[in-house]
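Here is a short walk through one protein structure. Keep the sequence and the 3D view side by side as you read.

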Amino acid sequence: MEGASPGWDLRPSSPLGAMTAPDSWVPFRLPLQLSLYLLAIMTFSFLIHLRSWFPTARQRLPYPNATDRSPTTPPTTPPATERGMWTVNSIGRLGNQMGEYVTLYALAKMNGRQAYILPQMHQQLAPLFRITLPVLSSDVVRSVPWRNYGLHDWMSEEYRHIKGKYVRLTSTPCSWTFYHHLRQEILQEFSFHDHVKEEANRYLAGLRGQRRNVTYVGVHVRRGDYVRVMPQVWKGVVADKAYLEKAMGYFRAKYQEPVFVVTSNGMEWCRENIDASWGDVYFSGDGKESSPGRDFAFLAHCNHTIMTIGTFGIWAGYLVGGETIYLANYTLPDSRFLRVFKPEAAFLPEWIGIKADLSPLLGGT
């Protein structure tokens, strides 16, 4: 037939005119095989990409920076990585939580492990600070076979060689001996969110008045349960009126126009016992122990610090970085408190201590 290709027989050999030549399927077979082959490759490639879009739990990685999310919404945390998982208990209020956080941060780094924090700690610290440690989910916390590792409140050589891939540090450490070698990193971890900084600086600017050479001194007076616990349990005292007069007198003598920003969980006592007749004292905090962030931000944005006792004041002084005056020797020498607390490990060497008046303990009143 004209126009037919060689090898094709188009003559009907049956009533239906079927093509029955043995070689009549050859030209169809090659394109069909090629099509099936390409379809298989495309299907396999699609499945590979689908797997990468939806990784398994073992493949998921932690969020590298907790500040990429809402301060109050903890990032989801995956199962363990090759570096293990270390965490720390979440005990106490703001000052304790800060101490626990940075001790975990420092010891995990020292031991080559990945640190994670509990959701409770994230809820306490993230509204104030730009912390970066990833957060464990509640399910992971319950499922991991933790090894609890107790700490005392100062750095020891054995803490450089803690064994275990899944370690939960316990206690409430707050000592510069754990983390002071990482000071710049710690200051970065505890850098405030912009809206917190703006509120604190706006408040302090409002106290300036007509002063040209103002120096802000944050004053934290710890009272509350310590008023009872220190004498009855620890054979100790809290700061009294005389201590605060000496500490404020130091700054009045050294700086031309000091402004004292007083925060306390016993503000009524402060108003009755701190001499405000100089016109340089401002009772600034609200004293709410359940939400201490505002008070702490005021203290941390001052130039210098007067603290009494407690981790809240210690952290204010550490973040400020100026001169810090603290209450020294506030327990009797035989106090059990000195078994768990080393003053030289709590207060930086350059800080200035003013000895407490222990006569109320010696006199039995």
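Does His-220 count as buried or exposed? This is a predicted model, and the answer comes from its computed accessibility. His-220 has a relative accessibility of 7%. The cut-off for buried is under 20%, so His-220 counts as buried.

Now find its surroundings. His-220 sits in strand E4, which covers residues 214-221. Leaving aside residues up to four places away in sequence, His-220 touches Thr-263, Leu-299, Ile-306, Met-307, Thr-308, Phe-312 and Gly-313.

Take Phe-190 next. Again setting aside residues up to four places away in sequence, Phe-190 touches Met-98, Tyr-101, Val-102, Phe-129, Ile-131, Trp-315 and Leu-319.

Finally, turn to a pair of helices. Helix H7 spans residues 194-208, and helix H11 spans residues 293-300. Their axes come within 9 Å and cross at roughly 65°. The crossing is right-handed. From H7, Val-196, Glu-199, Ala-200, Tyr-203 and Leu-204 take part in the contact. From H11, Arg-294, Ala-297 and Phe-298 meet them. The contact residues of H7 with H11 comprise 6 nonpolar, 2 charged and no polar residues.

Key
Residues are numbered from 1 along each chain as its sequence is written. This is a predicted model: local features need pLDDT of at least 70, side-chain atom pairs count only at pLDDT 80 or more; totals for chains, interfaces and linings use all residues. Side-chain values use heavy atoms; hydrogens and water are left out. Axes are lines fitted to C-alpha atoms, for helices over the stretch in contact, and angles run from 0 to 180 degrees between N-to-C directions. Helices (H or I, at least four residues) and strands (E, at least two) are DSSP runs, numbered from the N terminus. A crossing is left-handed if the near helix is turned anticlockwise from the far one by less than a right angle, and right-handed if clockwise. Contact means heavy atoms within 4.5 Å. Ala, Val, Leu, Ile, Met, Phe, Trp, Tyr, Cys and Pro count as nonpolar, Asp, Glu, Lys and Arg as charged, and the others, Gly among them, as polar. Buried means under 20% relative accessible area, exposed over 50%, partly exposed in between (1.4 Å probe, protein chains only).
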